[in-house]
Amino acid sequence: MIERYRKAFNAAFSAKKYEELICSLQKGFTEIPFRIAETPVFIPKDLKDKLIAAGEEIIALIKHPDFKSLTAAAIPAEWHIPGENDHPHFLTFDFGICKDELGNLVPKLIEMQGFPSLYGFQPLLGRTYKKAFDLPDNLSPYFEGLNEATYVALLKKVILGPHQPHEVALMDIAAPEQKTLIDFLITEKLLGIKILSLTDIFKKDRNLYYSENGQDIQLKRIYNRLIFDEIAGQTELFNKSFDPREVLDIEWITHPNWFYRISKYTLPFLKSDFVPETWFLSQLGSIPADLENYVLKPLFSFAGMGVMIEVREEDIKAIKDPENWILQRKVVYASVLQAPDAGVKVEIRLMYLWADGEEPQLCITLARLSRGKMIGVRYNQDFDWVGGSIGLMDQ
């Protein structure tokens, strides 16, 4: 979107450089099962400033003293985990990039999460784009004066805290099988922590352990990458490991309750020029006459599953659990990134780290490029210049 960088990048682009980018990313780690876009996004200062302002407005709500009571109903009773702390350690906000009536770029909030994203992978992606395409040194993926070294130091502080690396583990339901395995492996290399599946962990009294070289090693913290909704039908796995709903002597990074509190459930409480109008379906007074301008979304789903883009009045009336759905005014993405043959739609994720005792810090971005009806993978399978990317900004 910074025109001088875009013109230079497109003129110098080659399929060979793109292949080298992918090879470099995978070298020493694993094959990447999701598509990496051909290009980074060059974020202009005006859009960067608007993204920062939008993020600050959302954080103001999250830091409000009433936020926990406001979002208490977001946590399903069967997945309420004891020992919740005061704030999440990760915040991610997804913005579709649109144009206002004057043609200016504006971000519009799509999703938000109190759950980690690709915090290990994005620094590698930014550095590798710059090297593969010989981009200027002044372009950086970091905010607030951070660089790769200070970012990694902050990531260590948030995830390790006062503990030794062997006392902290990244946990997922079947960690080696996850699409985000490359992020797990990079995090392991950066922090020295273990990657464990749920069933690699066992309980003695209220403490959690894993085995290594014949020894039982106590865990002090879990860097949680497990979405509990994914094991809703597999709770027998807890018999082979531990039940996170029990009172345990373990620190969560971040505590699982924040996954529910900061989610689509939060959207109806936000009133901002950067946030499309959103209602809980259960609190909708009347169905809008211009229903074609709205989208119906389940509160808890992933990768766009269950979203109704062409929603009809009968769809709304057929919903049996309206408390678990929101109706949101559609965000009209603009094709703001110029690929060699056409414009491409852009979504930018702001990624924050929030260390204990400190303020949330905006660190880095994740970008997703799309030519399909939606941003998700299944809507972009037949296109190039789409997929995961990163924002680069003038420093």
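**Entry 1. Strand β10 and its partners**

I looked up the pairing of β10 with β11 (residues 251–253) in this predicted model. The two strands run parallel and are joined by three bridges.

Met171 stands opposite Asn224 in β10.

Next I asked which way the residues of β10 (residues 221–224) point. Arg221 and Tyr223 point one way, while Ile222 and Asn224 point the other way. I noted that all four of these residues are buried.

**Entry 2. Trp252**

I located Trp252 in strand β11. Is Trp252 buried or exposed? I recorded Trp252 as buried, because its relative accessible area is 7%, and the cut-off for buried is under 20%. I also looked up the separation of Trp252 from Leu170: the two residues are 82 apart along the chain, and their C-alpha atoms are separated by 10 Å.

**Entry 3. The cavity**

How many cavities of 30 Å³ or more does the structure hold? I found one. The space in the largest cavity comes to about 40 Å³.

I listed the lining of the largest cavity as Phe115, Asn224, Leu226, Ile227, Phe228, Pro256, Phe259 and Tyr260. By class, I counted seven nonpolar residues and one polar residue in the lining, with no charged residues.

**Entry 4. The second largest pocket**

I looked up the volume of the second largest pocket, which is about 340 Å³. The pocket is lined by 15 residues. Those closest to its centre are Ser24, Phe29, Leu124, Arg127 and Thr128.

Which helices supply at least two residues each to this lining? I noted α2 (15–26), α5 (121–132) and α7 (181–191). The largest share, six residues, comes from α5.

I also sorted the lining of the second largest pocket by class: six residues are nonpolar, three are polar and six are charged.

**Entry 5. Helix α1**

I looked up the buried residues of α1 (residues 3–12) and found Tyr5, Arg6, Phe9 and Asn10. Seen down the axis of α1, these buried residues fall within an arc of 120°, so they line one face of the helix. An α-helix has 3.6 residues a turn, so residues three or four places apart point the same way.

Which residues are exposed on the other side of α1? I recorded Glu3, Arg4, Lys7 and Ala11 there.

**Entry 6. The sheet of β12, β14 and β13**

I looked up an open sheet of three strands with the order β12-β14-β13 and antiparallel pairing. Its edge strands are β12 (278–280) and β13 (294–298), each of which pairs on one side only. The twist from one strand to the next averages 20°.

I then looked up the pairing of β13 with β14 (residues 325–329), which is antiparallel and extends over five bridges. Tyr294 has Arg329 in β14 as its bridge partner.

**Entry 7. The sheet of β1, β19 and β4**

I looked up another open sheet of three strands, whose order is β1-β19-β4 and whose pairing is mixed. Here β1 (41–42) and β4 (139–140) are the edge strands, each pairing on one side only.

How many bridges join β4 to β19 (residues 391–394)? I found two, and these strands run antiparallel. The bridge partner of Leu139 in β19 is Asp394.

**Entry 8. Trp385**

I found Trp385 in the loop between β17 (361–370) and β18 (387–389). I recorded Trp385 as buried, because its relative accessibility is 4%, and buried means under 20%.

Finally, I looked up Trp385 together with Ile173, which are 212 residues apart along the chain. Their C-alpha atoms are separated by 32 Å.

How values were computed. Residues numbered from 1 in each chain as written. Predicted model: local features only at pLDDT ≥ 70, side-chain atom pairs only at ≥ 80, totals over all residues. Heavy atoms only, no water. 1 Å grid on protein atoms, 1.4 Å probe; cavity = no way out; pocket = protein on both sides within 12 Å on 5 of 7 lines; lining within 4 Å. Points joined across faces, edges and corners; volume = space filled by probe spheres on them. Helix = DSSP H or I, 4+ residues; strand = E, 2+ residues; numbered from the N terminus. Nonpolar A, V, L, I, M, F, W, Y, C, P; charged D, E, K, R; others polar. Pairing = 2+ DSSP bridges. Axes fitted to C-alpha atoms, helices over the stretch in contact; angles between N-to-C directions. Buried < 20%, exposed > 50% of the residue type's maximum accessible area, 1.4 Å probe, protein only. Arc of directions from axis to C-beta.
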